[in-house]
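Subject: Structure handover

Hi,

Here is the structure for you to look over. My notes follow below it.

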Amino acid sequence: MKAFLQHLEGDKAIWAVVALLALFSFLPVYSASSNLVYVVGNGTTIGHLLKHGMLLILGFGIIYGMHKIPTHYYKGLSIIALPVVILLLIYTLAQGTTIEGANASRWIHLPFVGITFQTSNLAAVVLMIYVAGYLSKIRDKRISFKESIIPLWLPVSVILLLILPANFSTAGILFAMVLTLCFLGGYPLKYLIGIVASGLAVLTLFILLAKAIPDVFPNRVDTWMSRVENFWDGTDGEGDYQIEKAKIAIASGGVVGNGAGKSVMKHFLPQSSSDFIYAIIVEEYGLLGGFSLMFLYLLLLFRIVVVANANTSVFGKLVVMGVGLPIIFQALINMAVAVELFPVTGQTLPLISSGGTSIWMTCMAIGVVLSASRNPRMDEEIADKINEENPLEVLSGQL
């Protein structure tokens with residue numbers, strides 16, 4: 001065991017927090033999966049547990065592989081991967097996968113393994129790395145908005161527009177994270193205000209077109225609007241049924257909870273093993289368990305900030321914040337939905353909820369953060385060379 005741990009480099013606290021989250025996830029996933037077995041009639045509890053374990057094992061393999069790659073390589077790799085994820089998003093949107101009778105054009109089926117892959121998760125990680133690379137390149141330069149349209153806002157817009165029709169919440173979160181990263185990277189605030197206004201205008205136009213031509217995006221816009229409207233006016237709807245059951249689960253958990261596996265509401269709460277797993281955790285482990293889980297995510301946020309601050313290169317700082325902050329933001333949104341502080345979004349709890357690609361993409365982001373923590377004082381000559389020259393040429397030279 002000691003020999004194995006010696007091969008794990010980077011921030012040990014991040015490794016520990018991620019391992020604790022992964023180990024703890026087995027308990028609520030095993031408990032909540034009984035909903036899929038006895039209510040939905042899908043598989044067995046042991047089968048879901050083993051699948052979750054295999055996904056986590058593969059996820060930690062991704063972390064290990066990603067954290068061994070020098071951080072400055074990711075700038076060139078993101079440029080290579082960007083057109084690939086755009087093609088994947090186009091394919092995903094065009095093929096319109098249906099899962100259990102519902103439109104699920106955010107997923108594609110992986111052949112031979114029987115797992116669905118959510119391409120927007122991969123696109124989010126790649127885009128944040130790409131944006132971090134661009135911002136590090138222009139950090140000490142005066143740049144006009146016109147000069148940044150094609151290299152920055154064109155790829156951002158294309159990816160967001162391809163995600164938006166099927167997954168409004170992911171597109172909204174990704175847009176917010178890009179703006180946050182641009183602000184941290186020193187991009188002019190006056191330009192960001194214009195981008196926000198443009199984004200709202202595009203969203204309004206999209207909703208109007210979807211309402212005018214409902215056959216193009218069946219049910220999606222109506223679903224988003226009903227969730228937001230129900231959240232603000234307090235009327236009952238599908239989302240309110242989920243929130244109602246989640247709040248009952250949280251209230252019945254009390255301070256110390258009902259005990260592992262003793263949740264009652266898991267049999268009535270849809271998506272109890274994914275989107276609303278936090279409610280099941282509080283029901284079984286109480287407020288102590290819920291706040292302990294929140295503490296782990298906040299500790300992860302603290303270590304992400306520490307790693308970013310320790311990096312001497314601009315790209316290292318920005319890429320850590322770019323891929324690290326969305327993990328914490330997604331976790332907080334998932335918890336906020338369970339207590340009705342936020343409309344229902346369909347965002348999972350990172351490293352805890354059952355699922356495939358959400359776990360893998362979270363692990364990919366963590367691997368990038370750990371890569372930056374391995375050598376925070378990256379050779380300044382390499383960092384400057386990457387900023388001044390073509391990242392692809394530098395990457396090929398380093399390889």
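What percentage of the residues in the protein chain is buried? Buried residues make up 49% of the 399 residues. Keep in mind that this is a predicted model.

Overall fold. The protein chain has 16 helices and four strands. Take the contacts with a separation of 6 or more: residues 24 or more positions apart account for 72% of them.

Core. The largest nonpolar core holds 104 residues. Trp153, Ile159 and Leu349 have the most contacts inside that core. Leu349 touches residues including Ser274, Ile277, Tyr278 and Ile281. Leu293, Tyr297, Ala331, Asn334 and Met335 are also among its contacts, leaving aside residues up to four places away in sequence. In soluble globular proteins, nonpolar side chains tend to be buried together.

Helix α9. This helix covers residues 189-212, which is 24 residues. From first C-alpha to last, α9 reaches 35 Å. That is close to the 34 Å expected at 1.5 Å a residue. Leu192, Ile195, Phe206 and Ala210 are buried in α9.

Surface. The protein chain exposes about 18700 Å². Carbon and sulfur atoms supply 67% of that area. Val255, Val256, Leu287, Leu288 and Phe291 make a nonpolar surface patch of about 500 Å². Val255 sits in the loop between α11 (238-253) and α12 (277-310). Is Val255 buried or exposed? Val255 counts as exposed because its relative accessibility is 51%, and the cut-off for exposed is over 50%.

Best wishes

Technical notes
Residues are numbered from 1 along each chain as its sequence is written. This is a predicted model: local features need pLDDT of at least 70, side-chain atom pairs count only at pLDDT 80 or more; totals for chains, interfaces and linings use all residues. Side-chain values use heavy atoms; hydrogens and water are left out. Patches are made of residues with over 30% relative accessible area and no salt bridge: like charges are joined within 9 Å, nonpolar side chains (Val, Leu, Ile, Met, Phe, Trp, Tyr) within 5 Å. Accessible areas come from the Shrake-Rupley method with a 1.4 Å probe; for residues, only the protein chains shown count as cover. A salt bridge is a side-chain nitrogen of Lys or Arg within 4 Å of a carboxyl oxygen of Asp or Glu. Helices (H or I, at least four residues) and strands (E, at least two) are DSSP runs, numbered from the N terminus. Buried means under 20% relative accessible area, exposed over 50%, partly exposed in between (1.4 Å probe, protein chains only). A nonpolar core is a set of buried Ala, Val, Leu, Ile, Met, Phe, Trp, Tyr and Cys residues joined through side-chain atoms within 4.5 Å. Contact means heavy atoms within 4.5 Å. The expected span of a helix is 1.5 Å times one less than its number of residues.
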